[in-house]
Amino acid sequence: EISPSAYRKDKSYTIKKTNIMKVTLNIKKPKIVTLENQNCLYYRMHGAYQTLDYGKAWETLWGQVKAQKLFTKGIQHVGLPYDDPKVTEDDKIRYDACLIIHKDAKPSDNIGVKTLNGGKFAMFLYQGSYKYFSQVYDYIFNQWLMENDYELRDEPVRERYISHPDRVAEDKLKTEFYLPIK
């Protein structure tokens, strides 16, 4: 533990070591978009992002879609990564796997129902492996946000998974990152 003022004086203190490899990201200039509120089924997980069982989460969610007959066109896979792993202990990291649905659903067992708030977002389209998400976030927060006059809203970032990892080569996976802005 170190206080913020002590950290500012002693820059040699490392909050959490990460090995940053230089990766060339295939990421488009963001579009500013306004989203409506969206209803979703969600499955909450805790732990370091790279250790979570995403497959099980999506399977459980789709099981509910089937059980509650919620299937329609336009169901989207969205992830809500609430915490920055550079500053949050692994066991405190929260992630919601969400399916955006278009019928009324009921919560069940470990599946909840909630509304994702709409509003203004900067939407970045990234093509490439999920393993480079931390570099994508570095770019969004430490480069793009610093160079542009947008303020963040108090909402989690959203990841929308467009491609299916079983059907698309890793370097061709498409993901939209939604940064909530004022």
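Which are the buried residues of α3? The views below come from a predicted model, in which local features need pLDDT of at least 70, side-chain atom pairs count only at pLDDT 80 or more, and totals for chains, interfaces and linings use all residues. Residues are numbered from 1 along each chain as its sequence is written, and side-chain values use heavy atoms, with hydrogens and water left out.

**View A. Helix α3 (residues 133–147) and its buried residues.** Helices (H or I, at least four residues) and strands (E, at least two) are DSSP runs, numbered from the N terminus. The buried residues (under 20% relative accessible area, 1.4 Å probe, protein chains only) are F133, Q135, V136, Y137, D138, I140, W144 and L145. Among the elements that cover them are β4 (76–81) and β7 (119–127), where contact means heavy atoms within 4.5 Å.

**View B. R158 in strand β8 (residues 158–161).** R158 is buried but has no salt bridge, a salt bridge being a side-chain nitrogen of Lys or Arg within 4 Å of a carboxyl oxygen of Asp or Glu. The nearest side chain of opposite charge (Lys and Arg count as positive, Asp and Glu as negative; His and the chain ends are not counted) is that of E155, 4.5 Å away. A polar atom of the R158 side chain lies 2.4 Å from the backbone oxygen of N117.

**View C. The salt bridge between R160 and E176.** The closest N and O atoms are 3.0 Å apart. R160 is in strand β8 and E176 in strand β9, so the pair ties together parts 16 residues apart in sequence. E176 counts as buried because its relative accessibility is 11%.

Note on methods
Buried < 20%, exposed > 50% of the residue type's maximum accessible area, 1.4 Å probe, protein only. Polar contact = N/O pair within 3.5 Å; in protein donor to acceptor, adjacent residues only side chain to side chain. Expected span 1.5 Å × (residues − 1).
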